[in-house]
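The following questions and answers are intended for a reader examining a protein fold. Please consult the sequence and the coordinates alongside the text.

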Amino acid sequence: MSKTQEQNQAAADLLAKRLRLLLDVKTAESGTEPSHSVIAAFLKERGVNLSRSRWTYMVNGHRKVDDPLVVEGLAEFFDVDVAFLTGDSDVSAPAKVNAQLDLVRAMRAARVKSYATRTLGDLSPKTLEAITKFLDEEITE
């Protein structure tokens, strides 16, 4: 893989990671993950087309998408700076995103604990404590 291909893949991976993060935040806010249809309709109102295949490429990091209108529209939809999506600067996640992420992590940890309890049956207090400790460490990382 050439240096340019590596850079393009790194940019695609970063965008995908940030889009999935923002999808998690939107899900935490509304209770449901925004569908491609919802996002595409938002962009269409702004004169921007987002095909299902392009969205799939973006959210899965399969290909670098650098159409400025698409990126600007997505930044508007998710209420973040374009630079956050593209990684063009050291723009960190907005405070709102960080706060929602804490909630998302806590919700995921609770689901994992609940799943472990249902799947593994009766667990000793020591085992539950170990699972909780592990999940709490994962949340803070």
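The model is predicted, so local features are reported only at pLDDT of at least 70 and side-chain atom pairs only at pLDDT 80 or more, while totals for chains, interfaces and linings use all residues. Residues are numbered from 1 along each chain as its sequence is written, and side-chain values use heavy atoms, with hydrogens and water left out.

Q: How many helices and strands does the protein chain have?
A: Helices (H or I, at least four residues) and strands (E, at least two) are DSSP runs, numbered from the N terminus. From the N terminus on, the order of elements is α-α-α-α-α-α-α. The count is therefore 7 helices and 0 strands.

Q: What percentage of the residues of the protein chain count as buried?
A: Buried means under 20% relative accessible area, exposed over 50%, and partly exposed in between (1.4 Å probe, protein chains only). The protein chain has 141 residues, and the share that counts as buried is 29%.

Q: What percentage of contacts between residues at least 6 apart in sequence join residues at least 24 apart?
A: A contact is a pair of heavy atoms within 4.5 Å. Among contacts in the protein chain between residues at least 6 apart in sequence, those that join residues at least 24 apart make up 53%.

Q: Within what arc do the buried residues of helix 3 fall?
A: Helix 3 spans residues 52–60, and its buried residues are Trp 55, Met 58 and Val 59. Seen down the helix axis, they line one face of helix 3, because their arc, taken from the directions from the axis to the C-beta atoms, is within 90°.

Q: Which helices do the buried residues of helix 3 pack against?
A: Helix 3 runs over residues 52–60, and just after this helix Gly 61 takes a positive phi of about 70°. The packing partners of the buried residues of helix 3 are helix 1 (3–30), helix 2 (36–44) and helix 4.

Q: What arc do the buried residues of helix 2 cover around the axis?
A: His 36, Ile 39, Ala 40, Phe 42 and Leu 43 are the buried residues of helix 2. They lie on the same side of helix 2, because the arc that they cover is only 155°. These buried residues pack against helix 1, helix 3 and helix 4, and the arc asked for is 155°.

Q: Are helix 2 and helix 4 roughly parallel or roughly perpendicular?
A: Axes are lines fitted to C-alpha atoms, for helices over the stretch in contact, with angles from 0 to 180 degrees between N-to-C directions. Helix 2 and helix 4 pack at an angle of about 115°, with their axes 10 Å apart. Angles under 35 degrees count as roughly parallel, over 145 as roughly antiparallel, 65 to 115 as roughly perpendicular and the rest as oblique. The two helices are therefore roughly perpendicular.

Q: What is the handedness of the crossing of helix 1 and helix 4?
A: Helix 1 and helix 4 pack at an angle of about 30°, with their axes 11 Å apart, and are therefore roughly parallel to each other. Leu 19, Leu 22, Leu 23 and Lys 26 in helix 1 meet Leu 74, Phe 77 and Phe 78 in helix 4. A crossing is left-handed if the near helix is turned anticlockwise from the far one by less than a right angle, and right-handed if clockwise. For helix 1 and helix 4, the crossing is left-handed.

Q: Is Asp 79 buried or exposed?
A: Asp 79 is found in the loop between helix 4 and helix 5 (82–86). Although not a glycine, Asp 79 has a positive phi of about 60°. Because its relative accessibility is 55%, Asp 79 counts as exposed.

Q: Which residue is joined to Tyr 57 by a polar contact between side chains?
A: Tyr 57 is found in helix 3 and is partly exposed, with a relative accessible area of 28%. Not counting residues up to four places away in sequence, Tyr 57 touches His 62 and Arg 63. A polar contact is a pair of N or O atoms within 3.5 Å; within protein, one must be able to donate a hydrogen and the other to accept it, and residues adjacent in sequence count only if both atoms are side-chain atoms. At 3.4 Å, the side chain joined to that of Tyr 57 belongs to Arg 63.
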